[in-house]
Amino acid sequence: MSYQWLTLWSYGETFLTAAWLTLQVTLLAFMLAVTLGLLAALAKASALAPLRWLSHCYVEFIRNTPVLLQIFIIFFGLPSLGVTMSAFTAGVLALGINVGAYLSEIFRAGIQSVPKGQLEAAWILGIPRRQLFLSVVLPQAARAVWPAIINNLIQLLLGTSLLSAIALPELTGTATVINARTLLYIQTFSVVTVVYLLLSNLFAWLGNLAGRRMFHPPLVTRVKKPAWWARKWLTNPLKRENAL
């Protein structure tokens, strides 16, 4: 048994490279997803009917089709139209588009959670729409949906395992190759499972830490209690009258 683990230990650098590639895909796809989700949410709240229609079609198509099918369409289907891209680019694009559809609904719910009274007060004060969105709407909406955003980030990390279907050497794809070479099924996939658990918990911890820093409650000024002799003097009316 120890010999089997030593054999797998020789692939340690390969696992680290795969983990780094998984992180790259996750972060790039998440940035794309946040951008698309925010644009789709704003389009759905727009007064222009074509923008609302495009946002609705985007969200409904992505949310009602398998993500693996979307990956295949981008990686295998687009080359037939003359658009060729690497597995890395196709994976980032497919996962970013997929998660962006879910984030758009989360952002829309967060924007709708802002009290209308605050928006009306800002309009009365003559605050420009851009400043209104950045200073009033966005901070409150982000606070409301922050846990859901971090949850989608973790789901995106786990979804990178599907990119092994297009031969991207991320964690799952690398584990499949190593398993074919060594036939150490339990050991190989146990290592990958532990790495996924570590990365998921790392994202959850960083998300909670960032949430506490960005959305901490307002500081409450604590009034220092007077000393015992001062409290005794304040609560004794005779001593106060004599002092006066």
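Me: How do the residues of the lining of the largest pocket divide into nonpolar, polar and charged?

Reply: Rolling a probe the size of a water molecule over the atoms shows where empty space is left. On a 1 Å grid over the protein atoms alone, a pocket is an open set of points where a 1.4 Å probe fits, with protein on both sides within 12 Å along at least five of seven lines, and lining residues have an atom within 4 Å of a point. Here the lining has 10 nonpolar, 2 polar and 4 charged residues. Ala, Val, Leu, Ile, Met, Phe, Trp, Tyr, Cys and Pro count as nonpolar, Asp, Glu, Lys and Arg as charged, and the others, Gly among them, as polar. Please note that this is a predicted model, in which local features need pLDDT of at least 70 and side-chain atom pairs count only at pLDDT 80 or more, while totals for chains, interfaces and linings use all residues. Residues are numbered from 1 along each chain as its sequence is written, and side-chain values use heavy atoms, with hydrogens and water left out.

Me: Which helix gives the largest share of the lining of the largest pocket?

Reply: Helices are DSSP runs of H or I with at least four residues, numbered from the N terminus. H7 gives the largest share, 5 residues. Among the 16 lining residues, Ala45, Ile111, Leu119, Arg129 and Val137 are the closest to the centre of the pocket.

Me: Which residues have the most contacts inside the largest nonpolar core?

Reply: In soluble globular proteins, nonpolar side chains tend to be buried together. A nonpolar core is a set of buried Ala, Val, Leu, Ile, Met, Phe, Trp, Tyr and Cys residues joined through side-chain atoms within 4.5 Å; buried means under 20% relative accessible area and exposed over 50%, with a 1.4 Å probe and protein chains only. Leu103, Leu163 and Leu171 have the most contacts inside the largest core, which has 43 residues. H2 gives the most to this core, with 10 residues. A second, separate core of 7 residues includes Val114, Leu119, Ala122 and Phe133.

Me: Where is Ala167 found, and is Ala167 buried or exposed?

Reply: Ala167 lies in the loop between helix H7 (129–159) and helix H8 (171–182). Ala167 is exposed, with a relative accessible area of 66%, and has a positive phi of about 65 degrees although it is not a glycine. Leu183, in the loop between H8 and helix H9 (185–214), also has a positive phi, near 60 degrees, and is exposed at 54% relative accessible area.

Conventions: Helix = DSSP H or I, 4+ residues; strand = E, 2+ residues; numbered from the N terminus.
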